[in-house]
Amino acid sequence: MSQQNEATTTSRRNFLKTAGIAGSGLCLALYFPSLAKAAKIVNADEGGVDDVEMNAWVHINTSGKVTIFCHRAEMGQGAYQAVPQIVAEELEVDLDKVNIVFAQGNRKKYGGQVTGGSSTVRGSYKNLLKLGATAREMLIAAAAARWGVPAAECFAASAQVHHRPGGKTLHYGELVVSASKMEAPKEVKQKARADYKLIGKPLKRQDTVLKTNGTAIFGIDKKIPGMKYAAVERNPRLRGTVKSYDDSATMRVPGVTKVIKVKMAVFNTYREGVAVIANSTWAAMQGKKALKVEWDDSGFEHISTEDIYKRQQEDLATKEGLLLKKVGDPDAVIKKGGKVLDVVYQTPYQSHSCMEPLNCIAHYQGDKLEVWGPIQGPDWVQDFLSKEMGVAKENVFINMTFLGGGFGRKAFLDYPHEACVISKEIGAPVQVVWSREDDMTQGPYRPGVSYRCEAVVANGGIEAFKVRMSGQNTDHWDAEKSTKANGSTSEGFLKPYFEAIGNVSFSDVPFETPIPIMWWRSVYASTNGFAYESFIDEIALAAGKDPLELRRQYLKEDRIRKQIDKLVEVSGWKNRKKNEGYGVAMTECFNSTVGQVVKVSRGANGKVKIDHVWAVMDCGWYVNPDTIRAQVEGSIVMALGAATIHEITFKDGLVEQKNFYAYKMPRISDIPFEIEVHIMDNDAAAGGVGEPGLPPFAPALTNAIFDLTGSRIRKLPFDMNTI
Amino acid sequence: MISLNVNGESHSIDADPEMPLLWALRDILNLTGTKYGCGVAQCGACVVHLDGEAVRSCVTKVSRAGGRKVITIEGLSANNDHPLQKAWQEIDVPQCGYCHSGQIMSAAVLLRENPNPTDADIDAAMSGNICRCGTYPRIRKAIHLAAAWQAKGNGR
Ligand code: FES
Ligand code: FES
């Protein structure tokens, strides 16, 4: 499935009457009010406090405690804050008094839950606003009925309904049972944006306090009674099978109880490994080190980074590939000749390397399966495990914990599946913890991509713009032959360019290798953006134009013009000095456009250093400006690492980087400069936030370096110290 | 049996003396605030205080901690109100949050030894802690803020 599809499914989600959270609830179907019949008490406790499910996202108990369910994964991007912040606004409850709980995987109830494509807010905000407002109106109606006054004379605030003329007040807990018996109104009045008390405000994140004293529970922290620990030795060549293994030394490691062969699904293929079961993570890891495994991985020894780029670039020199999109006839213009630019850009494979290595707990119980872990797509995992493990979907329970980073990796289905296979085999709940080495050497990775970009420059502008890319295609995870162009070939490229430039084409020259690949924060835009925005800079130079002015020539819509003006204003673009290098880049993905300006200079030691980064984000309607700033800051740091510090390489079919000493990360000392983030204010539909800040950084940096030094960087990563 | 003093409480645990302190804390004492990130002294997710010094618990044998005082993130303050914890909250430093137990424990030693650290001091003390989410600009701000609060005597 593509990220785009995910967002579409989300917006088309249906709210149907379904089984509730605890299996005994009734979900009032807000979008089909006729289905709403009665309140459902989902949890009666001994104290006589009943928990009532108003809708899938909102439970209110009779003592007045409000629980809001977060249906998406929290991996740092702020869903745990944004979802409740939206619901609480229309529900009229104070966010810091609300109980926030992760929902289980349940697509019927919550729509798509795969937390990818920066889709949480943009895909669900309209529904969340509506269901918050609907619940509020039902509570007001219940109060009005009880008091025998018109509902119009009542209002809600801080989880209470007030009758203004009568000075009467009831809290939500006193109203929730009768409110839930009322018919849900078909239309509810929603607040004007100007009246928001929570949305649009830089409220403090509700998860921060949990993350400063060690109480936030990540997947790796979760414990289940009777739980065993497992570590798995997997084929180091990414595919292949176990020929034989010798566990005699392993079985002598104190704490190790069992060694078994396991198989887990990797897209359409399977990967084999040997699992060591023990009574602690450490014992399992020690036991794994003592294993001797012989692999059959013939056919995969040839994979090497050198060969990958050689093949890609040979193909780009000769093949036209599969056309994704064409406007006008760039080939005809290029054929006529003139000032033709024809260059190749290269971007590396990257590992997600979430700070929390992969891990998952599974408890297989025959007709029931329960999973706990750092999971980006609980509904997707539910579907998959139901099929693979042969357990009816309604008996597969997927529990999300906090995720110590996700970046796309934790939307993959392999590690929950492996935990289930082991639990089934040993007949006990088990937690599988991947070592850092496992996490780094097993993939899947962001694919390394080469781009050939051609343009004809004339009359101070672009006459033709032609791109061919060659790299693995996530639409073909199973490594089947590509017959359709990668749908993300032009991802990141600003849409107005297509018509404005007039002669544009994007093609995909299919490239196959058995390396497993997966979405990596901002997906193809993360590599495309470097090629396309570097190329625009090269074109500006050839056309004798200021790089921002050249963009303005083609970006005429009011909304983007305002964003460019903002970028010029905040960065001081017009007052650039001689010994400073300025670079700009603008990319669009997941319905948000981000422009960045990077300023560089030479330090006292003669080396190029970054002095400042300005970012202007246009994500339309937004929830929490501080979360947006944080996401853009983090995206820039991550992009800096991927552009200038680390890269995954292959030799003889093996990944060469095994831990952070080889796959080096940016450190605090690498970020001495300020990152300044500005957010555009407009009423456009909400766009993504977690990813779009990443793609423009690398090209803005290399464009700045060109501006300062005259040297053009076309291959990532590069070493800042050697310029 | 190894006796450990963790966050002021004495424990006697039955562990392989070679087991890293990290796993003894997490799997035996159920103190999961201290994180595993790399296991090879590269990332700092596992930093705890051993007799007041910041150590990487992934490469510290549990036997080495025997009879000494261990402080983990859970024991840094009673009410999540160490000046650094408060500064972290004020600036909303964490994103995924996984690295921040280690970040705060490293910063706590820095601030104790050097109540008014410069950017260079922060770089030197904090470069052993990786944050994959890239919260470094905020970590820097929060350390300066905590130092300023402490100087004014209202750190808590
Ligand atoms: S886990 Fe100890 S330094 Fe990374
Ligand atoms: S906040 Fe995610 S690794 Fe630091």
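Predicted model: local features only at pLDDT ≥ 70, side-chain atom pairs only at ≥ 80, totals over all residues.
Trainee: Which helix gives the most to the side of domain 2 of chain A that touches domain 3 of chain A?

Mentor: The top contributor spans residues 436–441 of chain A and supplies four residues to that side. By class, the residues of that side are ten nonpolar, six polar and six charged.

Trainee: Where do the bounds of domain 2 of chain A fall?

Mentor: Chain A is divided into three domains, with domain 1 at 3–199. Domain 3 of chain A is given as two segments, 305–349 + 446–722. Domain 2 of chain A is also written in two pieces, 225–299 + 352–442.

Trainee: How much area do domain 2 of chain A and domain 3 of chain A bury between them?

Mentor: The centres of these two domains, taken over C-alpha atoms, are 36 Å apart. Contact involves 22 residues of domain 2 of chain A and 24 residues of domain 3 of chain A. Carbon and sulfur atoms account for 69% of the buried area, and the total is about 2,000 Å².

Trainee: And which residues of domain 2 of chain A lose the most area to domain 3 of chain A?

Mentor: Three residues head the list, and together they make up 29% of what the domain 2 side buries. They are Phe267(A), His352(A) and Met440(A).

Trainee: Now to the two chains. How much area do chain A and chain B bury between them?

Mentor: The interface brings 60 residues of chain A into contact with 50 residues of chain B. Of the buried area, 56% is on carbon and sulfur atoms. The area itself is about 4,600 Å².

Trainee: Which residues of chain A lose the most area to chain B?

Mentor: Again there are three to note, and together they give 19% of what the chain A side buries. They are Trp282(A), Met355(A) and Ile668(A).

Trainee: How many salt bridges are found across the interface of chain A and chain B?

Mentor: Side chains of opposite charge can pair when their charged atoms come close. One pair between the chains is Asp221(A) with Arg26(B), at 2.9 Å, N to O. Across the interface of chain A and chain B, the total is five.

Trainee: Which element gives the most to the side of chain A that touches chain B?

Mentor: Between chain A and chain B, 32 residue pairs are in polar contact, both at pLDDT 80 or more. Three elements of chain A give two or more residues to that side: H7 (281–289), H12 and H17 (625–644). The top contributor gives eight residues, and its name is H17(A).

Trainee: What are the elements of chain B, from the N terminus on?

Mentor: Chain B has six helices and five strands. Its C-alpha trace spans about 45 × 30 × 25 Å along the principal axes. The order of its elements is β-β-α-β-β-α-β-α-α-α-α.

Trainee: What is the radius of gyration of chain B?

Mentor: Chain B has 156 residues, and a compact globule of that length would have a radius of gyration near 15 Å. The value for chain B agrees with this, because it is 15 Å.

Trainee: How much area is buried between domain 1 of chain B and domain 2 of chain B?

Mentor: Domain 1 of chain B covers 2–75 and domain 2 covers 83–151, with centres separated by 21 Å over C-alpha atoms. In the contact, 17 residues of domain 1 of chain B meet 13 residues of domain 2 of chain B. Carbon and sulfur atoms give 58% of the buried area, which comes to about 1,200 Å².

Trainee: Which strands give two or more residues to the side of domain 1 of chain B that touches domain 2 of chain B?

Mentor: Between these domains there are zero salt bridges, while eight residue pairs are in polar contact, both at pLDDT 80 or more. The strands span 47–50 and 53–56 of chain B, and they are E3 and E4.

Technical notes: Residues numbered from 1 in each chain as written. Chains lettered and ligands numbered in written order. Heavy atoms only, no water. Domains from an automatic or database assignment. Contact = heavy atoms within 4.5 Å. Buried area = accessible area lost by both parts, 1.4 Å probe. Nonpolar A, V, L, I, M, F, W, Y, C, P; charged D, E, K, R; others polar. Rg over C-alpha atoms; globule rule 2.2 N^0.38 Å. Salt bridge = Lys/Arg side-chain N within 4 Å of Asp/Glu carboxyl O. Polar contact = N/O pair within 3.5 Å; in protein donor to acceptor, adjacent residues only side chain to side chain.
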